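Open the model in your viewer and keep the selection panel at hand. The tour goes from stop to stop, with a selection at each.

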Amino acid sequence: MDFKITLLPGDGIGPEVVGEAVRVLEVIAAKYKHAFNFQERLMGGCSIDKYGSSLTDETLADCKSADAVLLGAVGGPKWDDPAAKDRPERGLLALRKGLGVFANLRPVKVHPALIDSSPLKPEKLKGVDIIVMRELTGGLYFGQPKLREMRDGREYAVDTLEYYDYEVKRIVELAFNLAKGRRKKVTSVDKANVLEASRLWRQITTKIGKENTDIELEHMLVDTASMKLITAPASFDVVVTENMFGDILTDEASVLAGSMGMLPSASLGESGPGLYEPIHGSAPDIAGKGIANPAGTILSSAMLLRYSLKLEGEAAAIEKAVDEVITAGVRTADIGGKLTTRQMTDEIIKKL
Ligand code: IPM
Ligand code: MG
């Protein structure tokens, strides 16, 4: 089959890891007789440098018309001026909003061979297999008003945490559907003891819970959840939460897996292309050195095959190959090895 995939390598280590994922996808295409038509576009800091905008209308259009979008990472010290009128991160948020990808799936699994890479005690890590469903196009990131101005002679800034009922409903329903094929437990994370938006979130979630009695629903306050993620991570199955809470909790959860470099993500909407990206950032400190862990992006490309192209067998083949090389001790520096980005990918490709 023929597919169009838009690549947004972005900044920092983004181009290095996306380049390796493309090599893996090309092997898959040859082996399973597909044609992946890649088109590469600028987004983030590199796009500010070239076009004066972190996301141009043309690039967004090229993403919307693709079957799927694979993204590396955006940002870096060069574009960090707080007074700048555009930032790489703005491009990423506009892309998520523009594609309508409201559900960000971040699976966190602990590979048995990487238990020692995590600072947590090994007995806590046994059986950890979590999917965080982070709401991605609403909440504190997008709520209005969002501004900075002088008020009464003082500098003033405001961000708004807002949700409509339908925004909560669609992501919580997805979380319940996902849980059906897993261990049948949903943990909804909110701050309902303080925030009005969380009380709406909890009310809607409770109603959906009553319609899905085969799934165990647990409500948890975000402060408790941040503690439980470290003290009892194996007790979670599907976690569903607001945009900002999900941002924070997934960085925390990545520690369980030994390295952020291992973790993929998929962002999905009701229709249209999905957006796939590793959860790590642009890592300016190691950019250009060719030592970044490509696994997060390669596993993101597996999610792309599964969710956007419906190629389950091909997706599973990539996941199995990554699993096997990790078992065999194939390691980049972040997980205690010496291999380069390219060498680690070569090992993954050999397994395919
Ligand atoms: C993430 C990142 C982004 C976010 C940044 C780069 C805007 O931290 O994908 O988790 O906050 O969503
Ligand atoms: Mg984040």
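Which backbone nitrogen does the side chain of Asp 11 reach? Select Asp 11 and Gly 75: the Asp 11 side chain comes to 2.8 Å from the backbone nitrogen of Gly 75. That is a polar contact (a pair of N or O atoms within 3.5 Å; within protein, one must be able to donate a hydrogen and the other to accept it, and residues adjacent in sequence count only if both atoms are side-chain atoms).

Some ground rules before moving on. This is a predicted model, in which local features need pLDDT of at least 70 and side-chain atom pairs count only at pLDDT 80 or more, while totals for chains, interfaces and linings use all residues. Residues are numbered from 1 along each chain as its sequence is written, chains are lettered from A and ligands numbered from 1 in the order in which they are written, and side-chain values use heavy atoms, with hydrogens and water left out.

**Stop 1: around Asp 11**

Stay on Asp 11. It sits in the loop between strand 1 (2–10) and helix 1 (14–32). Helices (H or I, at least four residues) and strands (E, at least two) are DSSP runs, numbered from the N terminus. Asp 11 is buried but has no salt bridge. Buried means under 20% relative accessible area, exposed over 50%, partly exposed in between (1.4 Å probe, protein chains only). A salt bridge is a side-chain nitrogen of Lys or Arg within 4 Å of a carboxyl oxygen of Asp or Glu. For charge, Lys and Arg count as positive, Asp and Glu as negative; His and the chain ends are not counted.

**Stop 2: ligand 1**

Select ligand 1. Its surroundings are Glu 89, Arg 96, Arg 106, Arg 134, Tyr 141 and Asp 247; near means that a residue has a heavy atom within 4 Å.

- Arg 96: 2.7 Å
- Arg 134: 2.8 Å
- Tyr 141: 2.5 Å

Taken alone, ligand 1 exposes 320 Å², and the protein buries 76% of that. Areas come from the Shrake-Rupley method with a 1.4 Å probe; for residues, only the protein chains shown count as cover.

**Stop 3: salt bridges**

Glu 277 lies in the loop between strand 12 (274–276) and helix 10 (295–307) and Arg 96 in helix 4 (residues 88–99), so the pair ties together parts 181 residues apart in sequence. Glu 277 is buried at 6%. Arg 96 is buried at 5%.

Next, select Lys 191 and Asp 223, bridged at 3.1 Å, N to O. Lys 191 is in the loop between strand 8 (185–190) and helix 7 (196–211), Asp 223 in helix 8 (residues 222–231). Lys 191 counts as buried at 19%, Asp 223 as partly exposed at 42%.

Finish with Glu 20, Arg 23, Arg 342 and Asp 346, linked in a network of salt bridges. How many salt bridges does the count come to? The count is 28.
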